[in-house]
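The sequence and the structure are shown first, and the numbered points follow.

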Amino acid sequence: MNLKIVFEDAHLLVFYKPAGVPVQSAGMGVKDCESILRNYLHEKMPENRELYLGVVHRLDQPVEGLLVFAKTPEAAAALGRQSAEGKMEKRYLAVCCVDNPVQNLQKRGELCGKPTENVENMVDKWIEKSDFLRKNGKENRSEIVRPGTPEAKKAVLFYRPLKRQGDLELREIRLQTGRHHQIRVQMAGMGTPLAGDRKYGNVQNGSEGVDNLFPALCAYHLELTHPQTKERMVFEELPRHPLFSKFLSIG
């Protein structure tokens with residue numbers, strides 16, 4: 001299994017992670033992004049015996065999308081600070097199962113091609129969603145709980161609907177916090193779970209004829225400052241999940 005390298009230089013490496021592939025080792029015999037990239041770099045530079053590859057941020061195993069790895073300790077520290085301070089912008093596209101009619105769809109426009117060609121022109125404002133989440137490590141899931149619940153952490157995201165097709169809705173999401181399964185939990189808590197989400201939602205809703213092994217969620221937009229040149233860099237990848245083809249020209 002190959003990862004798509006989107007950008008690479010001496011300091012960092014940006015790539016597209018397919019759904020179902022863990023970022024780091026998930027057990028014996030399970031291929032992960034870190035190992036695949038290390039093998040790629042060793043094959044590219046076999047003379048480099050002290051190869052460095054640092055994990056900057058992560059995506060849940062079922063989630064597809066863009067990730068950046070650092071190729072030097074200095075780049076890892078700089079990129080890590082950006083991620084921790086919210087200066088590394090990450091946006092997601094999600095297909096949610098909705099039951100209630102969406103009003104004034106005409107205002108939303110028609111979406112086709114790359115999301116950002118249309119996203120910036122949307123009239124809808126970002127909607128804030130704030131909850132307190134508690135992680136259940138034994139079951140590898142999180143739940144929405146009341147404020148003040150022991151071990152609960154505040155989770156904040158912003159989302160906006162882009163287009164509706166029947167009982168499915170395409171949404172763009174940006175995180176303010178990075179909690180365990182945050183997008184999946186908060187969308188489900190609104191009564192609009194991600195299509196194909198076996199843990200938090202209804203995998204049958206809107207999925208006729210589609211093999212929904214994974215939730216329809218993609219980290220499609222990544223924006224960061226280069227640790228050496230200080231250039232602001234923007235990367236985008238269209239989702240591969242088949243349900244996105246109802247809304248986007250994903251080829």
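1. What does the accessible surface of the chain come to, and what percentage of it belongs to carbon and sulfur atoms? The accessible surface is about 12800 Å², and carbon and sulfur atoms hold 46% of that area. It should be kept in mind throughout that the model is predicted.

2. On the overall fold, the chain contains four helices and 11 strands. Of its 251 residues, 48% count as buried. Among the contacts in the chain with a separation of 6 or more, 64% are made by residues 24 or more positions apart.

3. Leaving aside neighbours within four places in sequence, the contacts of Phe 15 include Leu 3, Lys 4, Ile 5 and Val 6. Cys 33, Leu 37, Gly 65, Leu 66, Leu 67 and Phe 69 are also in contact with Phe 15.

4. Is each of the two partners buried, exposed or partly exposed? Lys 4 counts as partly exposed because its relative accessibility is 40%, whereas Glu 237 is buried because its relative accessible area is 11%.

5. Two further salt bridges may be set side by side. Arg 171 pairs with Glu 169, with 2.8 Å between the closest N and O atoms. Arg 171 is buried because its relative accessible area is 4%, and Glu 169 is buried because the corresponding value is 3%. Lys 87 and Glu 85 form a salt bridge at 3.3 Å, N to O; both Lys 87 and Glu 85 are exposed.

6. The largest pocket has a volume of about 900 Å³. Of its 32 lining residues, Arg 58, Lys 90, Tyr 92, Leu 175 and Gly 178 are the closest to the centre. Helix H2 (73–84), strand E5 (89–97), strand E9 (168–175) and helix H4 (182–189) are the elements that give two or more residues to this lining. By residue class, the lining of the largest pocket consists of 11 nonpolar, 12 polar and nine charged residues.

7. How much space lies in the second largest pocket, and which residues line it? The volume is about 180 Å³, and the lining is formed by Leu 133, Arg 134, Lys 135, Ser 142, Glu 151, Lys 153, Arg 179 and His 180. Strand E6 (residues 127–136) supplies the largest share of this lining, three residues. The lining of the second largest pocket divides into five charged, two polar and one nonpolar.

Technical notes:
Residues numbered from 1 in each chain as written. Predicted model: local features only at pLDDT ≥ 70, side-chain atom pairs only at ≥ 80, totals over all residues. Heavy atoms only, no water. Buried < 20%, exposed > 50% of the residue type's maximum accessible area, 1.4 Å probe, protein only. Salt bridge = Lys/Arg side-chain N within 4 Å of Asp/Glu carboxyl O. Contact = heavy atoms within 4.5 Å. Areas by Shrake-Rupley, 256 points an atom, 1.4 Å probe, with all protein chains shown as cover. 1 Å grid on protein atoms, 1.4 Å probe; cavity = no way out; pocket = protein on both sides within 12 Å on 5 of 7 lines; lining within 4 Å. Points joined across faces, edges and corners; volume = space filled by probe spheres on them. Nonpolar A, V, L, I, M, F, W, Y, C, P; charged D, E, K, R; others polar.
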